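Dear colleague,

Please find below the structure I promised to hand over. My notes on what was found in it follow directly after.

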Amino acid sequence: MAAPSRSVLRVLPRCQSLFFTCRAPSASCSSAHRQQCVRSYAAATAKKKEKKEETVQEKVVKEKKKVDDKNRHKPFGLTAWAPVDDVYMVRHYPKPVYETSVAIEMLKNFQKLDFSPENQPVYINLRLDMKLEKKKKVDPFVSTIHLPHPFKLDINKIVVFTENPDQARIAMENGAAVAGGAELVEKILADEITADFYLAVPDIIPKLLPLKNKLRKKFPKNKRGSVGMNIPKMLAVFKSGHEYMVEDIYVNTQVATLDMPKEHILENIHAIVKDVASHKPTEFGPFIERAIVCSRSSEGLHITFEELLPQEEKKA
């Protein structure tokens with residue numbers, strides 16, 4: 001029993017020394033690991049990527065080249081100047097352009113072949129060049145003119161806005177359907193009063209603003225000539241006047257009825273073309289690019305409108 005106990009006592013001190021010597025490296029390793037984890041200096045700033053200078057390229061607007069077909073054996077992009085046969089593809093040949101008087105005769109003949117009503121409306125469609133100098137353009141406009149031969153049998157119904165009793169009396173004497181002040185606003189909003197045109201004196205315009213969304217294009221404006229102090233003159237224009245407007249770059253309006261004499265239709269077309277051409281200065285070139293006439297039941301016919309323009313417009 002004494003021998004084993006002596007051996008144990010000899011071994012224990014040796015084990016203790018080995019135990020402490022083995023723990024020492026592990027402690028140093030852990031402390032070294034901690035020192036590596038703790039950063040004692042600032043991180044280097046990341047280099048910003050230099051933005052490449054963007055070269056601004058000017059937008060080159062490609063203008064459509066106008067090809068002069070006068071000396072060509074055939075129009076550019078088409079088959080020939082005129083078809084040889086009676087049956088042909090329309091898109092392969094240029095559209096024929098007729099004199100205005102010839103086109104009206106053709107419309108009258110179409111009506112007989114179609115057995116359509118004789119009193120059907122005749123329309124004119126004009127395509128306009130709205131460009132002015134640089135980036136400026138002609139603003140879309142509304143115009144009222146007196147046709148030489150009116151095709152409407154009824155006189156236009158007109159409402160005159162004024163708070164002056166004397167002006168209201170003058171308006172009624174000159175053919176106004178209704179004349180009054182701000183009390184008419186509620187009646188118009190409730191559809192109790194409707195009219196073809198609405199005229200007003202300048203002082204009452206602020207009181208009519210609630211009607212802007214209701215009347216829209218019929219709302220009295222200086223540009224349309226429906227605001228002014230000369231009430232008899234305005235009534236004379238709008239009672240029997242014909243109104244047309246520009247939508248985008250087109251004017252599409254009725255000019256006559258097909259049962260009217262050809263001369264009367266020609267004079268009405270001339271009056272509208274002349275009035276449209278007057279809205280653009282002649283130094284900026286011709287205003288009208290294309291003109292088409294048609295009836296309600298016929299195809300559109302391209303017409304030569306140059307002879308309808310004033311002499312100054314022709315030279316431009």
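I begin with R224, which touches V142, F197, K217, K218, F219, F238 and E243, leaving aside residues up to four places away in sequence; contact here means heavy atoms within 4.5 Å. R224 is part of the loop between α5 (212-215) and α6 (231-239); helices (H or I, at least four residues) and strands (E, at least two) are DSSP runs, numbered from the N terminus. R224 counts as buried because its relative accessibility is 12%; buried means under 20% relative accessible area, exposed over 50%, and partly exposed in between, with a 1.4 Å probe and protein chains only.

Two remarks on the basis of these notes are needed. This is a predicted model, in which local features need pLDDT of at least 70 and side-chain atom pairs count only at pLDDT 80 or more, while totals for chains, interfaces and linings use all residues. Residues are numbered from 1 along each chain as its sequence is written, and side-chain values use heavy atoms, with hydrogens and water left out.

Helix α7 and the cores

Helix α7 (residues 262-277) consists of 16 residues and spans 23 Å from its first C-alpha to its last, close to the 22 Å expected at 1.5 Å a residue; the expected span is 1.5 Å times one less than the number of residues. Its buried residues include I265, I269, I272, V273 and V276.

The largest nonpolar core has 36 residues, and among those with the most contacts inside it are L126, L128, I269, V273 and V276. A nonpolar core is a set of buried Ala, Val, Leu, Ile, Met, Phe, Trp, Tyr and Cys residues joined through side-chain atoms within 4.5 Å. The largest share of this core, 6 residues, is supplied by α7. V273 touches I124, L126, I288, L308 and L309, again not counting residues up to four places away in sequence. A second, separate core of 27 residues includes F161, A171, L199 and L215.

Strands

In β2, 6 of the 8 residues are buried, so that the strand is mostly covered. Strand β2 runs antiparallel to β8, to which 7 bridges join it, and V122 stands opposite A256 in β8. Another 7 bridges join β2 to β9, also antiparallel, with R127 opposite R290 in β9. Two strands pair if DSSP finds at least two bridges between them.

An open sheet of 3 strands has the order β5-β4-β6, with parallel pairing. Because β5 (178-180) and β6 (197-200) stand at the edges with a single partner strand each, one side of each is left without a neighbour in the sheet. Strand β4 (residues 158-161) pairs with β5 over 3 bridges, and F161 stands opposite G180 in β5.

Aromatic pairs

The structure holds 4 aromatic pairs. Rings of Phe, Tyr and Trp (its six-membered ring) pair if their centres lie within 6.5 Å; planes under 30 degrees apart count as stacked, over 60 as edge-to-face and the rest as tilted. F141 and Y244 form an edge-to-face pair, at 6.3 Å centre to centre and 80° between the planes. Both F141 and Y244 are buried. The rings of F161 and Y198 are stacked, because their centres are 6.3 Å apart and their planes stand at 20°. F161 lies in strand β4 and Y198 in strand β6, so this pair ties together parts that are 37 residues apart in sequence. F161 is buried, with a relative accessible area of 0%, and Y198 counts as buried at 4% relative accessibility.

With kind regards
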